[in-house]
Amino acid sequence: RHRPVRAASTMADRKYDIVLFGVTGFTGKLACEHLLSKGYPVRWAVCARSEAKARSVLTSIASRLGVPDDVLPPILVADLQPSNADPEHARLRGVVRDAAVVITAAGPFEKYGGHLVRMCAEEGTHYADTTGESDFFRRCIDLHDATARATGARIVSHCGNDCVPWDLAVLAAAELARDRFGPGTTLSAASTFTELPPGVGASGGTLATAIYQLGKKRGGSRTAFDPLLRLPDGSKSKEATKVRSPKSDVYYEEFKAYGGPWIMQPVMGNCVRRSNALLGYNAGEEFAYSEAQLRHPSFIRWIADSSYNALIGAAIYVPPLRALLPAPGEGPTREEMQAGYLKLHLRAEGKAPDGKKFKVKGLMTFDEDTGYLCTGRMLAESGVELLEAAKAGGEKKAGVLTPATAMGTSLLRRMERELPMKWEVEIAD
């Protein structure tokens, strides 16, 4: 059900600055909580299929934060999977048309995100999500990049733990080098090394997405080239990325630890590939990227994590086993999330205009869980960043973008102000 695109109205014409979808889910609740606790001077609302469930969530959050009911956002009602009935489509489109920015944590995104992204692109509404689904991201570029550019909409995927820290760390390294050595400076390679606490738990929504992705049938039509490489004019970018992430555990002497593949490793690589295709870190030469998760040395922890991953795999083929996993809306406890952390080490290298080679060393730290607690915060802050950029005018970025290409290091600076996060980077000796 498509319609001709329309030019984006000004932000002041929209009834709401931000509308949050997915508020009854685990991460959506956290994004809502963050916006309420910050008290930003924005007109915002939540949208859900069930007003009663959304009301219950908002009341619970208000009670926990100790805020009065009169500061709670309005609840809009629309279905992300509208039937063929015109009123349901019209209701969802009306919500999109009334919003300057839509933010959503409602996944699996291949299942629940298609109509929303299309309508945002058509209505010139900026959009951010928390997806870690590369297939969904590629499909959005393939179907909606040209439309979004025509209406001025910024459609930004990966605005949570997947993949904001990794994407922005590489961008920040490239910008630091360019600031130090001047125009013409290139970044030829970047590697990231991820440290997470042992036994990181997953929410029911994340598990539902994993089961959906791993269990779906592959195949279908192929495009002439990877949509991640599509430029604004529709052509293929010459800025190629070689992802060299390890396929098995490797010992890293610098960290005195083994590191290797993990479930989100390919997603980080695909996000960086899209950013490089648009930004050109190595000026037309191949750019190399790798990501590895540093392993916790405990053998008992390894057994526990391996067993849990095996249970998830078995649940794909034996549905009754899913009863042993968290349900959508459930996830780690508040105490577990507050005890969490992320340490993201960056190592990069490049060349100055005079041919001199250099290295960049960076460390991004979060002092709480990034998988959920800070993902909710990152989504909310991405929405505010998109809103403020739109109101400020300036450079017109539009299309289906990554955090780095849509918001740049402005989002990184915002995160340092508003989240328990720190970024340190230097040109290494």
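What percentage of the 429 residues of the protein chain count as buried? In this predicted model, the figure is 53%. The chain exposes about 19,100 Å², of which carbon and sulfur atoms supply 52%. Its secondary structure comprises 14 helices and 15 strands. Among contacts with a separation of 6 or more, 81% are between residues 24 or more positions apart.

Seven of the strands form an open sheet with parallel pairing, in the order E3-E2-E1-E4-E5-E6-E14. The edges are strand E3 (75-77) and strand E14 (399-401), each of which pairs on one side only. From one strand to the next, the twist averages 20°. Strands of a sheet pair through backbone hydrogen bonds, either parallel or antiparallel. Strand E6 (residues 154-156) runs parallel to E14 and is joined to E14 by 3 bridges. Val-156 has Leu-401 in E14 as its bridge partner. Helix H2 (residues 51-65) packs on the sheet, where it touches strand E2 (44-48) and E3. The direction of helix H2 makes about 160° with that of E3.

Tyr-112 belongs to helix H4, which covers residues 109-112. The relative accessibility of Tyr-112 is 24%, so this residue counts as partly exposed; the buried class requires a value under 20%. With neighbours within four places in sequence left aside, Tyr-112 is in contact with Leu-80, Gln-81, Ala-106 and Gly-107. Of these residues, Leu-80 is 32 residues from Tyr-112 in sequence, while the C-alpha atoms of Leu-80 and Tyr-112 are 5.6 Å apart in space.

Terms used: Residues are numbered from 1 along each chain as its sequence is written. This is a predicted model: local features need pLDDT of at least 70, side-chain atom pairs count only at pLDDT 80 or more; totals for chains, interfaces and linings use all residues. Side-chain values use heavy atoms; hydrogens and water are left out. Helices (H or I, at least four residues) and strands (E, at least two) are DSSP runs, numbered from the N terminus. Buried means under 20% relative accessible area, exposed over 50%, partly exposed in between (1.4 Å probe, protein chains only). Contact means heavy atoms within 4.5 Å. Accessible areas come from the Shrake-Rupley method with a 1.4 Å probe; for residues, only the protein chains shown count as cover. Two strands pair if DSSP finds at least two bridges between them. Axes are lines fitted to C-alpha atoms, for helices over the stretch in contact, and angles run from 0 to 180 degrees between N-to-C directions.
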